[in-house]
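Please look through the model below, starting with its strands and then turning to its helices and loops.

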Amino acid sequence: MLPRRVEVLAALAWAFWAALAHCEASGGVVKLPDDFIVGSGTSSYQAEGAWNVSGKGESLFDRILHSSALTGVPNADVGADSYHRSKDDVAAARELKLRMYRFSLSWPRLLPNGWTSNVNQDGLRYYNQLIDDLQDSGIQPMVTLFHWDAPQALQDEFDGWNDDKMVDAFVAYADFAFTHFGDRVRYWTTHNEPYLFCNFLPNIAAFLAGTEIPDTAPTPAPGQEANDYKCLQRIVLSHARAYRLYQEKYAAKQHGTIDFLGVNNYFGQTIAAAKRPERGSALTDAAVRVVANDVFGSHAVTAFSQMTPWSLKEAALWCWAEYRVPIFVTENGFITENSVVSLDDNIRAVYHSAYMRELVRGIEEDGVRVLGYLAWSLIDLFEWVRQYKYSYGLVHVDYAGGSLNRTLKKSSAFFKEVGETRTIPEVAASSARFSSSLLPVFAGLILLKCL
């Protein structure tokens with residue numbers, strides 16, 4: 001194994017030469033494929049608020065964030081209040097010239113005890129109205145069935161995803177959603193990032209209570225090493241059964257699709273082999289470690305403020321080569337610190353321009369079948385362990401002032417141009433500052449200038 005310093009220098013050199021090579025292939029007008037969809041998204045717990053309004057049941061995260069151990073820690077009880085302001089969100093998406101809005105259903109808002117025997121009619125009303133408003137605005141809805149917003153009632157009844165009964169409950173819930181919304185929804189996703197959900201959920205209370213966000217999950221307690229794998233197995237089973245249910249019962253008459261691979265990509269890293277721990281988890285069993293982060297943006301306070309546009313092209317290419325299933329980029333975004341960047345977020349436009357141009361290169365050069373690209377997120381949200389300190393939003397939400405009013409950020413000009421011209425403009429990185437390490441800075445400036 002090479003010494004760590006050699007590994008790092010080799011990785012940085014690779015980033016530098018990759019940037020130089022990319023310059024030769026970049027530049028000029030990048031046109032979107034004719035059927036390519038550009039949009040954005042949110043999730044129910046992060047956006048809706050109204051946690052105990054109009055018959056909604058308690059969710060898993062309501063219980064966690066209301067625990068005595070987290071007293072004083074911000075939560076999403078009110079959040080962006082999209083439950084009462086969904087028309088504002090739709091108006092923002094329309095002004096941004098987006099063609100799709102991805103949102104998730106709150107399972108406990110629709111089915112307070114988790115089962116279809118107890119339907120909350122106001123939850124049905126809310127989602128029906130949101131879907132109708134999107135259609136009236138010429139925006140397609142993409143619906144995610146599970147973005148971690150599980151009914152607490154099922155946790156109390158049989159420990160949720162730690163029990164096989166959760167698979168049956170999810171399939172019944174999916175059947176309910178297909179029945180009530182499928183006549184207007186053409187794109188469905190079943191689960192958002194089950195890998196993260198199953199690995200970090202057992203530790204999220206500790207993460208939320210702490211001042212630092214750990215780079216890796218804690219070592220599992222003795223006897224619990226396989227819990228994340230069991231959780232993932234149940235989620236995969238529930239996906240497979242929901243997929244088959246839709247294909248057999250709904251696809252032909254509703255003319256929708258659930259047959260694509262959703263890819264969430266934010267950044268790439270250079271890795272090397274590592275020793276596998278004796279008591280590992282799905283997070284550590286890959287036995288790799290990060291040796292270099294390639295390019296950092298102007299406010300690179302977290303891993304999610306890195307800029308590695310090549311990573312999206314490579315991720316899509318790998319998925320296409322491995323599965324030969326159409327790909328939809330369901331999340332891609334740049335995080336900024338709210339105390340530093342608010343409305344003047346040109347760096348976000350730099351990021352999305354670079355990633356989208358790389359993605360289209362993959363379509364044109366490698367024949368990858370990509371259906372569309374959804375920026376994360378439409379509005380500033382409650383960002384889990386980062387709470388309201390950081391945001392990805394294309395639209396500013398006034399949390400500090402308490403009005404929760406929506407205001408388009410400077411980067412909105414980029415998305416408007418994409419929507420109006422069906423091209424991806426180059427966005428200059430002149431206003432973006434980079435970290436002081438010379439080689440990745442040089443490579444990054446070359447890469448961003450070429451895009």
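Two strands are taken to pair if DSSP finds at least two bridges between them. By that criterion, strand β4 (residues 140-146) pairs with β5 in this predicted model. The sense of the pairing is parallel, and β4 and β5 share 4 bridges.

Buried here means under 20% relative accessible area. Beyond β5 comes a loop that runs to α9 (194-200), and E193 lies in this loop. The phi angle of E193 is near 40 degrees, a positive value in a residue other than glycine. E193 counts as partly exposed, because its relative accessibility is 23%.

A50 also has a positive phi without being glycine, with a value near 45 degrees. This residue sits in the loop between α2 (44-47) and α3 (60-65). Is A50 buried or exposed? Its relative accessible area is 6%, so A50 counts as buried.

A further backbone feature is the cis peptide bond that joins W376 and S377, where omega is about 0 degrees. S377 is in the loop between β11 (370-376) and β12 (390-391).

The helices can be taken next. Two packed helices are described by the angle between their axes and the distance between the axes. For helix α8 (residues 165-181) and helix α11 (residues 227-249), the angle is about 35 degrees and the axes are 9 Å apart. The crossing of α8 and α11 is right-handed. On the α8 side, the contact is made by V167, D168, F170, V171, A174, D175 and F178. On the α11 side, the contributors are R234, L237, S238, R241, A242, L245, Y246 and K249. By residue type, the contact of α8 with α11 divides into 9 nonpolar, 1 polar and 5 charged residues.

What does the protein look like as a whole? There are 16 helices and 15 strands. The chain has 451 residues, of which 54% count as buried. Among contacts with a separation of 6 or more, 79% come from residues 24 or more positions apart. The protein exposes about 19000 Å², and carbon and sulfur atoms supply 53% of that area.

Notes:
Residues are numbered from 1 along each chain as its sequence is written. This is a predicted model: local features need pLDDT of at least 70, side-chain atom pairs count only at pLDDT 80 or more; totals for chains, interfaces and linings use all residues. Side-chain values use heavy atoms; hydrogens and water are left out. Axes are lines fitted to C-alpha atoms, for helices over the stretch in contact, and angles run from 0 to 180 degrees between N-to-C directions. Helices (H or I, at least four residues) and strands (E, at least two) are DSSP runs, numbered from the N terminus. A crossing is left-handed if the near helix is turned anticlockwise from the far one by less than a right angle, and right-handed if clockwise. Contact means heavy atoms within 4.5 Å. Ala, Val, Leu, Ile, Met, Phe, Trp, Tyr, Cys and Pro count as nonpolar, Asp, Glu, Lys and Arg as charged, and the others, Gly among them, as polar. Buried means under 20% relative accessible area, exposed over 50%, partly exposed in between (1.4 Å probe, protein chains only). Accessible areas come from the Shrake-Rupley method with a 1.4 Å probe; for residues, only the protein chains shown count as cover.
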